[in-house]
Amino acid sequence: MSSTFRAVHQVARPDGVPGAEHFAVVEHPLPAVEPGTALAENIYLSVDPYMRELMDEEWPLHEPLGFGRAIGRVVRSADPDLRVGDLVEHGGGWSTHALIQHGRGRVIRPAAGVATATYLSVLGATGLTAYVGVREILRVQSGEALYVSAAAGAVGGVAGQIAKLAGAGHVVGSAGSAAKVRHVVERLGFDAAFDYHDGPVADLLAQAAPKGVDAVLEGVGGDHLEAAIGATREFGRIAWVGAISQYNRPDRPPAAPRNLYAVSDRSIHLRGYQVRHFMHLQQEAVSWLTPHLQTGRIVADEQVVEGFEHVVEAFLGVLRGDNTGKMLVRVGEE
Ligand code: NAP
């Protein structure tokens with residue numbers, strides 16, 4: 001094994017849309033494996049929209065980022081819970097190797113027929129976010145109508161599939177291209193979808209769900225949230241999971257939603273949530289989702305970019321909508 005590893009550093013704070021110039025790849029000596037730690041060689045790295053928010057403050061400058069989900073294989077261990085050879089999911093961020101502190105890694109033993117990468121998508125935080133939204137917060141019932149924004153993305157695609165399995169009668173998605181619209185209907189089983197570039201989101205949603213919807217999983221914010229509120233029936237529920245349309249301009253308040261009073265007027269339950277507050281449901285979600293993956297009733301929709309040198313580009317691509325499904329980067333052999 002080499003005595004060094006590579007890590008992505010953030011080298012400047014962005015003002016608006018980030019670019020490759022805000023990052024650099026830096027070589028470091030491998031850390032010592034002290035008692036209670038283990039060294040993993042990474043195989044898959046996750047790139048996610050929330051990382052744009054980390055770029056404004058939480059990610060340090062000029063040092064390894066230290067936060068970001070990844071799966072690696074343990075290559076040295078002084079932690080009794082992690083054996084050399086174990087696959088482990090951890091939060092060590094964009095690097096080729098990670099030192100995992102005791103209790104901070106989840107050992108993964110892939111179920112039959114389930115790929116390792118899926119433990120960062122449907123069986124990772126992405127799937128848990130969708131599971132919590134649809135089953136814990138919205139509690140989608142048989143026959144109900146649901147709207148999902150960013151439907152061709154990681155969380156949205158899983159959410160629509162879970163809702164169909166829960167018996168939802170009409171699941172509508174929005175996405176950013178005609179190809180994505182086809183994908184969510186033909187591959188993921190949504191009942192209808194539209195490209196939000198084709199007109200005002202509220203009009204397009206009204207055409208796709210003329211009688212309105214009972215529940216919404218909303219991850220875009222702005223005009224998408226406004227359209228969601230507009231389409232939600234009396235006593236309906238909205239799980240507001242994110243606002244990707246706003247992440248590049250946190251200094252500018254969004255122009256929408258302008259119809260917030262409808263939440264009160266129609267007794268709508270609008271609930272925001274963060275998956276980190278629902279980690280106690282992770283095992284339940286994995287147990288529920290795994291058999292559906294094994295039988296093919298849930299598709300693990302992943303886009304895997306090859307090579308550590310492409311991690312920044314993959315991340316920037318998620319912010320632009322280049323991805324279909326969960327964007328992952330393969331940085332090592334399994
Ligand atoms: P994702 O959907 O796989 O990727 C983001 C997608 O957002 C892009 O593919 C793009 O697809 C769409 N997008 C980007 N800019 C947009 C814009 N201005 N307007 C409309 N759509 C835009 O990512 P994800 O991980 O599943 O996250 C989706 C949302 O859920 C994000 O807001 C994220 O922050 C949130 N989230 C929240 C939690 C939580 O704990 N609360 C956890 C995970 C994710 P199109 O081509 O369709 O535009």
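Student: At what angle do helix 2 and helix 8 pack?
Tutor: Quick ground rules: this is a predicted model, where local features need pLDDT of at least 70, side-chain atom pairs count only at pLDDT 80 or more, and totals for chains, interfaces and linings use all residues. Residues are numbered from 1 along each chain as its sequence is written, and side-chain values use heavy atoms, with hydrogens and water left out. Helices (DSSP runs of H or I, at least four residues) and strands (E, at least two) are numbered from the N terminus. With axes 10 Å apart, helix 2 (residues 125-137) and helix 8 (residues 282-295) pack at about 90°.

Student: So what do we call helix 2 relative to helix 8?
Tutor: Angles run from 0 to 180 degrees between N-to-C directions of axes fitted to C-alpha atoms, for helices over the stretch in contact. Under 35 degrees is roughly parallel, over 145 roughly antiparallel, 65 to 115 roughly perpendicular, and the rest oblique. The angle of about 90° therefore makes helix 2 and helix 8 roughly perpendicular.

Student: Which residues of helix 8 make the contact?
Tutor: Contact means heavy atoms within 4.5 Å. Helix 2 brings Gly-127, Leu-128, Tyr-131 and Arg-135. Helix 8 answers with Gln-282, Glu-284, Ala-285, Trp-288 and Leu-289.

Student: Where in the chain is confidence lowest?
Tutor: pLDDT, the predictor's confidence in each residue, goes from 0 to 100, and the chain averages 98, with 100% of the residues at 70 or above. Strand 11 (residues 213-218) is highest at 99. The lowest mean, 96, belongs to strand 7 (residues 106-108).

Student: Which residue does a cis peptide bond join to Ala-256?
Tutor: Look in the loop between strand 12 (232-240) and helix 7 (261-265). Omega there is about 10°, and the partner of Ala-256 is Pro-257.
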